[in-house]
Amino acid sequence: MDPSQTKSAFQMQVFKMPPDLNRTKVLPPQNWKIVGGALNPSYRCGQPIRVNPTLFPDPSGLDSSTLAVATWQVVCNISKPKGASPKCCVSFSGFYNDSVVPCKTCACGCPAKNLRKSCNASAPAILQPPQALLVPFDNRTDMTKYFAAMKHYNVPNPMPCGDYCGVSINWHVNSDYRTGWSARVTLFNWEDVNFADWFMAVNMGKAYEGYEAMYSFNGTKMGNNTIFMQGLPGLNYLVGEVDGAGPNDPRVPGKQQSVISFTKKDLPVIDVVGGDGFPKKVFFNGEECSLPDNFPASWGFRNNAGGLFGLVLVVVATLILVSEM
């Protein structure tokens, strides 16, 4: 993805200790591991394998090279430990519905049992108002309950636990018209660490061929129905969560956002609102994110039916009034 970021090097000094003082016998370090931050993938490393000695340029700048005494190669591959939870999650929303389908309950793992007394780890997540996405999960309870009361949603008691994800992503269907449609993707960083040179990939299914442009991120069609995203140069730094403006204000996540446009020209018929406008898979920094099980419901047919029913009532009332006159 970025050749300049594919290599790193470090130097390690190893001293011989008695009784192993044989200068011609060198043993490589064993049990190699790559350990990263909260959202870095897990790696499984093999044993060191002896290869041809490496040539190093002369440190003095002379046009010559130095041959290493011995060189080993250690191969490490990204792996997913059995039973490991995702480290990021996705919520869905759309212009046609004022509810957000949030990340799943405990999408990135459940807390310890002694921390689950005030929340239900098995209850499905309930719909939330859009403004709830802007505050940490612990601060969403009151606004979620108020929103549920207005919408007559059932609220489990105790409330569902949070998603416990370091990074959450909101995919919002922004518009849908005859010749095209658009989406808005927003990244939220709930970690205390910053993510430099972050990257994201989304699998868009059959909507992939209609991808046109991304306006605040770099977007590239990678094949296999996948769009690759990065921050623009100088804007590719997803900052960590910080304290709010006041002592009683909730913490504020790091955020980045971009609108994405798609065309429907020369494409098979797609149902944007019915699911084709939402990603099939999402990856952040190489980690696959948890997706909701449902899409935001479309109330268009219900609204249209209500409007038609109202029109019929007006026509009937007018006819009755005319007949009486």
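A nonpolar core, as the term is used in these legends, is a set of buried Ala, Val, Leu, Ile, Met, Phe, Trp, Tyr and Cys residues joined through side-chain atoms within 4.5 Å. Buried means under 20% relative accessible area, exposed over 50%, and partly exposed in between, with a 1.4 Å probe and protein chains only.

This is a predicted model, where local features need pLDDT of at least 70 and side-chain atom pairs count only at pLDDT 80 or more, while totals for chains, interfaces and linings use all residues. Residues are numbered from 1 along each chain as its sequence is written, and side-chain values use heavy atoms, with hydrogens and water left out.

**View 1. The nonpolar cores.** The largest one has 37 residues. If you want to know who has the most contacts inside that core, look for I169, W171, V185, L187, M229 and F284. There is also a second, separate core of 5 residues, with C103, A107, C108 and C165 among them. Across the protein, buried residues make up 35% of the 325 residues.

**View 2. W198 and its ring partners.** The structure holds 13 aromatic pairs; rings of Phe, Tyr and Trp (its six-membered ring) pair if their centres lie within 6.5 Å, and planes under 30 degrees apart count as stacked, over 60 as edge-to-face and the rest as tilted. W198 and F217 have ring centres 5.0 Å apart and planes at 75 degrees, so this pair is edge-to-face. The two sit 19 residues apart, with W198 in the loop between β11 (195–196) and β12 (199–203) and F217 in strand β14 (residues 217–221). Strands here (E, at least two residues) and helices (H or I, at least four) are DSSP runs, numbered from the N terminus. Both W198 and F217 are buried. With F284, W198 makes a stacked pair, because the centres are 6.4 Å apart and the planes at 15 degrees. F284 belongs to strand β18 (residues 281–284), so its pairing with W198 ties together parts 86 residues apart in sequence. F284 is buried as well, like W198. Ring pairs link F195, W198, F217 and F284 into a cluster.

View 3. S258 is in strand β17 (residues 254–263) and is buried, at a relative accessible area of 1%. Leaving aside neighbours within four places in sequence, S258 is in contact (heavy atoms within 4.5 Å) with A183, R184, V185, M214, Y215, S216 and F217.

**View 4. N97 in strand β8.** N97 is placed in the strand spanning residues 97–101. The residue is buried, with a relative accessible area of 10%. A polar atom of the N97 side chain lies 2.8 Å from the backbone nitrogen of S99.

**View 5. Where to be careful.** The protein averages a pLDDT of 85, and 89% of the residues score at least 70; pLDDT is the predictor's confidence in each residue, from 0 to 100. Over residues 300–325 it stays under 50, and the model has 0 contacts beyond four places in sequence for them.

Conventions. Polar contact = N/O pair within 3.5 Å; in protein donor to acceptor, adjacent residues only side chain to side chain.
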